[in-house]
Amino acid sequence: LYVSEYFSQSAQKLSFYSWYGNAKLFHFHVPEDTVLLRWLLQASRGKGPECTSMEITVHFRHGAPPVINPLGTRFPANATVRPSYNISITLSSAVQNTTFVNVTSPAAGDWFIAAHLPEAAGRIEVKGFSTPCPYMFQADMFVLRLTDMPVLEPGVPMPHTVVSPAKPLHVKVFVPKHASGMRFQLSSCVTSEQRACAVRVLLGSITLPQSFQKSLTCTGSINCSLALDSPPWEKWLQIMVESLGTGNASVSLEMLASFTVCRPGSASSFLNFISLNQSQAGARPGAAGSSAPAAGEAPRNVSSQRSSCLQSQPVVREDLDVVSVRYRLLNGPSVPVNSLSPTLLLLNLNTGVDSGGSLVVNLLLNKTSVSLANATVAACVSAASPVLSLNASRNCSTAFSQGYPLRVSTSSGEAMLIVLYPQTDDWFLSLQLLCPRGQGECGSAEAKVTVFVYLTPCFNDCGPYGQCSLLRRHGYLYAGCSCKAGWGGWSCTDDTKAQTVGTQNLATLLLTLSNLMFLPAIAVAVYRYYLVEASVYTYTMFFSTFYHACDQPGVAVMCIMDYDTLQYCDFLGSVVSIWVTILCMARLKKILKYVLFILGTLLIAMSLQLDRRGVWNMMGPCLFALIIMVTAWVHHGAKRRHCYPSSWKRWVFYLLPGITLAFIAISVYAFMETNENYYYTHSIWHVLVACSVAFLLPPRDKHKKPWAWSQKLTCRYQICQNDREELYAVT
């Protein structure tokens, strides 16, 4: 009778948490008639000395990715968030940890697991300087499925037998559409040993983070029953009966499930089709004649709506992009709402690809349409089944879920709701007019409510201080906000640690104007006739300035070209500047020096294209150039038979300060930069590197005289100098 199935996904490397993109997502599908679900969670870490004890947090949710908040930040003002179900896995002395999580009678459909490490430290690590410890996580799923689960037919009493307390009975019943209530009854309970009957009935399936499974305990032969309001429409409802008796005595009983079906009232489907064609294609010849029967049928439609238990408004789902949907009402954005029966809107979110965004519901009350001053329009957004009674005593709940309430009135005419990662299901928006003194006070009053409903990847596109990123796990797409400038939260609306505009302007000025420290290096290079080197420093200063002007997270941003182009040119100029400076210090022959300039620049451009962040893209050319410089210096020293450079003033006043500044700059760049201090530590890096270049550049050749502009052009004629070679005769 039972079939076991196993589902596995590849392991993922965990990351420290700073935004939702750092959480690793696992997506599974639980089949129908599953009676037992077991998660096998395997966590492991590396064996190196950099690996320490670590706590891994694992979140579970049915229907959509879990909404988590490890940093304790604020959510948007109108977002309703329920805490996620999570467990912690600790990796201490053991290299590997295996954990099992069991779920009995799980809900069928999509299940999601998200795992992450603790909060990120915020330190900017240079790739290659340190080896991060790998923390791996893998989730496997075992399911036990019943192949021939008995079906309980509505309205038909069915006898069943619970074989033993260790083997509970599983049955299922199909809930029809428009079911407003369900009644489950258990009777004729008799044990095989003729003792008092004791059984427990569990209706519904378990969903995480919240489970609304109903429990009913029956003792003796007395009939017991349970009534449910708004059961999930067009779904199989699982019922499990287990014996509470001792021993192996079997229990015989009889079950009966009955439904109360609500008759909806709505406009004619033909009229909806005509209005859809008119809204999409515009007016056509004969369209005016076709609208005449609609006016004649209006009184009959109103009377039929008053006799029904709900008014269904036709809604069209319009797919705009990935995780982007707009819902359009055929009868216009305004819907009539009365007190006799709720107005119902169906929001289709059961495609399986809609749960990775945010559902936004906006209600706007037309205050002129409400004649009663104290009237209120109550609304409820719920999944799987609608709320059909929105009186003051109900809290927007259905049989197996908790909805999201909304209210608009003459004093507060607008309401908004944001549902983060809505679960895959049919969603419903119910609206009803309420009066303080009851339904009699409202009478035939009617209110007009404008409804705007849409699904968006990120609410408000993450605002001005965030970037909406589309994330992917295999074929499943979901969105998350990456915040900047100190802002945080799900939609980058938490300004607790936000940078002020003044701080943002200061950061931009420091990172850009610090590049002007290359001007002394450029002046020294030009003065000493190193024109190629001066050109490279000018290139680096220009692109570093505008790259950091474009790279700012706040409002002080200016991009003169594509961001990726600016970044590549900045990295290229930085490495090539180091390359040409060290080669210039080697005092090579001109032809060899320029050949190495060009060849090294081409190789550096290639390596940066392969890996722009790698440390060896900078260290490799530096070390190779240093080898060339040391070799050249040894050659010069051996040829002259004394140390090179020979002047102690050159070592004390130029080389040692330049080398010291270069080592301090590398230390700041590699070990001190964090997200918080980046704007001034990186500015210090700019200043130190530029100053070290000015100190390290060698003096000009002795046969070249300094620039003398007064001798170049005087009195409109040019003074020419006759250079002759002196020939020496050896006798």
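This is a predicted model: local features need pLDDT of at least 70, side-chain atom pairs count only at pLDDT 80 or more; totals for chains, interfaces and linings use all residues.

Colleague: Great. What is the strand order in the open sheet of four strands?

Modeller: The order is E12-E17-E14-E15, and the pairing is antiparallel.

Colleague: Which strands stand at the edges?

Modeller: Those are E12 (169-175) and E15 (214-219). Each has a single partner strand, so one side of each is left without a neighbour in the sheet.

Colleague: And by how much are neighbouring strands turned against each other?

Modeller: On average by 20°, with direction ignored.

Colleague: Nice, I'll find that. Now the cysteines: how many disulfides are there?

Modeller: The count comes to eight, taking sulfur atoms within 2.5 Å as the cut-off. One of them is Cys 380 with Cys 396, where the sulfur atoms are 1.7 Å apart.

Colleague: Where do Cys 380 and Cys 396 lie?

Modeller: Cys 380 is in strand E26 (residues 376-383), while Cys 396 is in the loop between E26 and strand E27 (404-409), so the pair ties together parts that are 16 residues apart in sequence. Both Cys 380 and Cys 396 are buried.

Colleague: Is the link of Cys 380 and Cys 396 right-handed or left-handed?

Modeller: Right-handed, with 85° about the S-S bond.

Colleague: OK, and what about Cys 462? Which cysteine does it join?

Modeller: Cys 462 is joined to Cys 481, with 1.9 Å from S to S. The torsion about that S-S bond is about -85°, so this disulfide is left-handed. Cys 462 sits in the loop between strand E30 (446-456) and strand E31 (466-473), and Cys 481 is in strand E32 (residues 476-483), 19 residues apart.

Colleague: Are Cys 462 and Cys 481 buried or exposed?

Modeller: Cys 462 is buried at 0% relative accessible area, and Cys 481 counts as buried at 9%.

Colleague: One last pair. What can you tell me about Cys 483 and Cys 492?

Modeller: They form a disulfide with 2.1 Å from S to S, and the link is left-handed with -95° about the S-S bond. Cys 483 counts as partly exposed at 24% relative accessibility, whereas Cys 492 is buried at 4%.

Notes
Residues are numbered from 1 along each chain as its sequence is written. Side-chain values use heavy atoms; hydrogens and water are left out. Two strands pair if DSSP finds at least two bridges between them. Helices (H or I, at least four residues) and strands (E, at least two) are DSSP runs, numbered from the N terminus. Axes are lines fitted to C-alpha atoms, for helices over the stretch in contact, and angles run from 0 to 180 degrees between N-to-C directions. Buried means under 20% relative accessible area, exposed over 50%, partly exposed in between (1.4 Å probe, protein chains only).
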